[in-house]
Amino acid sequence: MQQEPRSVHTTSDEEATAELAGRLRTIEALPLDQRAVAFGAVHDELRVALEGTGGDTGETDDSPGGR
């Protein structure tokens, strides 16, 4: 059976938080140049995930903390 790619949508908030915390601990142990690249990749993944949650309606979120 083929394994699904990691996705925020298939895990609970607690699982996603624990997974991210583990990734960040691993990244912090890397040499500085590798750490910068790895943190950049995490940033890009989170940005894509967050931008994807608003749908493709083009509407902005007027709630506190919204866009």
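Reader: Which residue forms a salt bridge with Arg47, the closest N and O atoms being 3.6 Å apart?

Author: Quick caveat to start: this is a predicted model, where local features need pLDDT of at least 70, side-chain atom pairs count only at pLDDT 80 or more, and totals for chains, interfaces and linings use all residues. Residues are numbered from 1 along each chain as its sequence is written, and side-chain values use heavy atoms, with hydrogens and water left out. A salt bridge here means a side-chain nitrogen of Lys or Arg within 4 Å of a carboxyl oxygen of Asp or Glu. With 3.6 Å between the closest N and O atoms, the partner of Arg47 is Glu51.

Reader: Why are Arg47 and Glu51 separated by about one helical turn?

Author: Helices are DSSP runs of H or I with at least four residues, strands are E runs of at least two, and numbering goes from the N terminus. Both Arg47 and Glu51 sit in helix α2, and they are about one helical turn apart because their spacing is four residues.

Reader: Which residues do salt bridges that share partners join into one network?

Author: Arg47 also pairs with Asp44, the closest N and O atoms being 3.9 Å apart. Those two are three residues apart in helix α2, so about one helical turn lies between them. Arg47 bridges to Glu51 as well. Put together, the network is Asp44, Arg47 and Glu51.

Reader: Is Glu51 buried or partly exposed?

Author: Buried means under 20% relative accessible area and exposed means over 50%, with partly exposed in between (1.4 Å probe, protein chains only). Asp44 comes in at 38% and Arg47 at 37%, so each of these two counts as partly exposed. Glu51 has 42% relative accessibility, which makes it partly exposed.

Reader: What is the distance between the closest N and O atoms of Arg23 and Glu45?

Author: Arg23 forms a salt bridge with Glu45. This pair links distant parts of the chain, 22 residues apart, with Arg23 in helix α1 (residues 13–28) and Glu45 in helix α2 (residues 32–52). Arg23 is partly exposed at 24%, and Glu45 is partly exposed at 39%. The closest N and O atoms are separated by 2.8 Å.

Reader: How many salt bridges does the count come to?

Author: In general, side chains of opposite charge can pair when their charged atoms come close. The pairs here are Arg23 with Glu45, Asp44 with Arg47, and Arg47 with Glu51. The count comes to three.

Reader: What share of the 67 residues counts as buried?

Author: The protein chain has two helices and zero strands. Of its 67 residues, the buried share is 4%.
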